[in-house]
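Here are my notes on the model, jotted down as I went through it. Have it open beside you and tell me if you read anything another way.

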Amino acid sequence: MSMWSILRRKLATQPSSTPAFVFGRSTSTRGYSTTKVKEALLLGRGSKIVGNVGRNSFLGCPVSSKPVREAVSFFQRDSPIYVQNRSFSSDNGDLVDAVVPFMGESITDGTLATFLKKPGDRVEIDEPIAQIETDKVTIDVASPEAGVIQELVAKEGETVEPGTKIAVISKSGEGVSESHVAPSEDVPSQASSKPSAGKKKEDKEKPKEETSLPKPKAETSPPKRKAPSPPPPKALATEPQLPPKERERRVPMTRLRKRVATRLKDSQNTFAMLTTFNEVDMTNLMKLRSEYKDAFVEKHGVKLGLMSGFIKGAVSGLLNQPIVNAVIDGDDIIYRDYIDISIAVGTPKGLVVPVLRNADKMNFAEIEKAINTLAKKANDGSISIDEMAGGSFTISNGGVYGSLLSTPIINPPQSAILGMHSIVNRPMVVGGEIVSRPMMYIALTYDHRLIDGREAVFFLRRIKDVVEDPRRLLLDI
């Protein structure tokens with residue numbers, strides 16, 4: 001008698017309350033099971049039986065609504081059928097997804113730059129596991145729970161949107177094996193060992209074959225003289241001698257670099273840019289800083305720099321020449337009654353421009369504190385989108401890199417940008433005498449469609465007057 005006949009007879013002799021075998025979860029309706037499952041059972045030597053469980057029927061036997069575990073225990077006691085149980089993450093809530101966070105109103109997607117963790121690594125809650133590179137800033141993807149990274153769903157270099165799943169984290173650490181960390185390390189070693197063994201066998205067999213063959217040296221005819229090969233054609237004088245391609249490297253641009261390139265080119269294509277220059281004697285401002293630097297640090301907890309003096313000078317110039325703080329919008333001119341100064345900061349990842357809000361209402365200490373905070377955030381990559389949004393005027397200090405003179409490019413949608421440069425001691429005529437003075441060139445690039453040369457020169461002259469004599473700020477003259 002076959003195994004299947006024994007099973008059917010055994011089920012038929014059971015009372016109606018005896019539970020039948022049901023795969024999956026069942027929902028009870030009026031005492032009957034409504035589960036409909038198609039499952040392949042393995043019996044004996046690999047034979048397959050496909051059972052279709054329908055409503056109120058299982059091979060002609062009634063199906064009860066008792067829990068599934070009773071059916072499994074019944075078959076384990078009285079039948080040789082092997083039951084395989086598989087747990088899912090949705091049953092116990094052990095697995096959580098790490099998704100891309102909200103990146104700002106103006107940012108719809110980003111590039112998955114790098115994973116900071118790999119499968120099998122332990123992570124704590126809110127610990128960064130990946131970095132998303134956007135057009136403006138780099139954003140960290142934090143772990144929602146403490147646990148072990150089970151799987152990395154996304155790949156580096158892919159474009160992701162807010163809410164995209166990039167990794168799966170196991171809170172208990174179960175189901176995470178070492179195979180997730182390096183799944184391909186053992187296979188190549190085994191595969192490489194086989195060819196090496198085959199090579200050894202071939203090497204052992206080759207000497208035997210060579211020794212059995214007679215030496216043909218005595219029978220060979222004398223070698224024939226080869227005709228001299230023609231000399232290689234000489235390169236024409238017009239052909240350039242280019243370096244080989246092997247000495248070149250092609251690296252994809254980051255999203256931040258592409259965004260900066262696009263904005264700068266748009267600025268050149270949009271504005272009628274013109275640059276005017278002037279020079280500033282830094283003697284009095286440097287003397288002021290030297291005299292009060294210790295008292296300034298003791299009271300405010302921050303060093304007194306030169307940048308705050310130029311920001312105060314730019315604020316004074318914008319108040320005297322409000323057209324420099326304005327911008328063209330279509331056929332209209334928008335005059336801004338606020339002064340937000342953008343500070344250009346060069347970082348290893350690219351140029352970022354954090355904004356100093358309401359600079360006209362800040363004193364020297366508040367300006368220095370805000371600059372230090374924004375510069376630190378920009379360098380470590382923790383600056384936010386809101387801290388770089390807006391701005392009505394930009395200051396770029398190329399002097400920290402040793403730049404003597406430059407023509408900066410306008411940062412749209414602004415209309416002008418001030419360029420600072422390095423301080424160099426030069427001979428100057430003061431009171432009819434030639435003396436050495438620390439001098440700095442300053443440059444103003446402006447949109448000539450909106451700002452005339454007269455306003456641009458007056459603006460630079462105001463900065464020159466305030467920096468050379470800071471007492472003008474106290475007297476408002």
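1. Start with how H7 meets H9. On the H7 side the residues are Gly309, Phe310, Gly313, Ala314, Ser316, Gly317, Leu318 and Asn320, and they touch Phe459, Arg462, Ile463, Val466 and Val467 of H9. Sorted by class, this contact has seven nonpolar residues, five polar and one charged. Keep in mind that we're looking at a predicted model here.

2. Now the geometry of that pair. Two packed helices are described by the angle between their axes and the distance between the axes. For H7 and H9 the angle is about 140°, and the axes are 8 Å apart. That value makes H7 oblique to H9, since the roughly antiparallel label applies over 145 degrees. The crossing of H7 with H9 is right-handed.

3. H7 covers residues 307–320 and H8 covers 364–380; their axes are 9 Å apart, at an angle of about 115°. H7 and H8 therefore count as roughly perpendicular, because that class takes in 65 to 115 degrees.

4. Who makes the H7–H8 contact? From H7 it's Met307, Ser308, Gly309, Ile311 and Lys312, and from H8 it's Phe364, Ile367, Glu368 and Ile371. The tally by class is five nonpolar, two polar and two charged residues.

5. Most residues other than glycine have a negative phi, and most peptide bonds are trans. Going against that, Pro412 and Pro413 are joined by a cis peptide bond, with omega about 5°. Pro413 belongs to the loop between S20 and strand S21 (416–430).

6. Two residues other than glycine show a positive phi. Asp126 has phi near 65° and lies in the loop between strands S7 (122–123) and S8 (128–133). With a relative accessible area of 56%, Asp126 is exposed. Asn358 has phi near 50°, and its loop runs between strand S19 (355–356) and H8. Asn358 is partly exposed, at 35% relative accessible area.

7. Finally, the chain as a whole. It has 10 helices and 22 strands. Of its 477 residues, 34% are buried. Among contacts with a separation of 6 or more, 63% are between residues 24 or more positions apart.

Conventions
Residues numbered from 1 in each chain as written. Predicted model: local features only at pLDDT ≥ 70, side-chain atom pairs only at ≥ 80, totals over all residues. Heavy atoms only, no water. Axes fitted to C-alpha atoms, helices over the stretch in contact; angles between N-to-C directions. Helix = DSSP H or I, 4+ residues; strand = E, 2+ residues; numbered from the N terminus. Parallel < 35°, antiparallel > 145°, perpendicular 65-115°, else oblique. Contact = heavy atoms within 4.5 Å. Nonpolar A, V, L, I, M, F, W, Y, C, P; charged D, E, K, R; others polar. Buried < 20%, exposed > 50% of the residue type's maximum accessible area, 1.4 Å probe, protein only. Left-handed = near helix turned anticlockwise from the far one by under 90°.
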